[in-house]
Amino acid sequence: MNQTAELIKRAVPMERAVEYYGFHPNRGGYISCPFHREKTASLKVYTDQNGHSGWHCFGCRRGGSVIDFVMALFGINYRQAVLRISQDFSLGLGGETAKRSELSLAVRKAQQARRDAERR
């Protein structure tokens, strides 16, 4: 798997991303899917037992990672989604592909910010 994508996925969990983009999961982790019309929330935001987060809509059968969600939500490509996530979550990635050291630093900063927020 692409190292940039893996590091971004660790730095920005789905739950954090959907809330940042204006969605509020119910207690079961569901939101109304922004990709089709529906009456009942059918898009599940989840974190599996290995700590990987993602989403799946049971209505339109779409799903994937935080990068896939941003690509679909804004109608942008992979590169644009990586840069958008980097900007929105202050990861400091400056180009199409970032150096591993830059990404590792960004992940550590994001994880520390999450831990600090959880302590409050």
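Ser65 lies in the loop that links strand 4 (63–64) to helix 3 (66–74). Helices (H or I, at least four residues) and strands (E, at least two) are DSSP runs, numbered from the N terminus. Ser65 is buried, at a relative accessible area of 8%; buried means under 20%, with a 1.4 Å probe and protein chains only. Beyond its neighbours within four places in sequence, Ser65 is in contact with Lys9, Met14 and Trp55. Contact here means heavy atoms within 4.5 Å.

The model is predicted: local features need pLDDT of at least 70 and side-chain atom pairs pLDDT 80 or more, while totals for chains, interfaces and linings use all residues. Residues are numbered from 1 along each chain as its sequence is written, and side-chain values use heavy atoms, without hydrogens and water.

The chain holds five helices and four strands. Along the sequence, the pattern is α-α-β-β-β-β-α-α-α. Of the 120 residues, 35% are buried. Among contacts between residues at least 6 apart in sequence, 47% join residues at least 24 apart.

Helix 1 (residues 3–11) packs against helix 4 (residues 78–88), as their contact shows. The axes, lines fitted to C-alpha atoms over the stretch in contact, come within 11 Å and cross at roughly 40°. Angles run from 0 to 180 degrees between N-to-C directions. Thr4, Ala5 and Ile8 of helix 1 meet Tyr78, Val82 and Ile85 of helix 4. By class, this contact has five nonpolar, one polar and no charged residues. Ala, Val, Leu, Ile, Met, Phe, Trp, Tyr, Cys and Pro count as nonpolar, Asp, Glu, Lys and Arg as charged, and the others as polar.

How values were computed. Buried means under 20% relative accessible area, exposed over 50%, partly exposed in between (1.4 Å probe, protein chains only).
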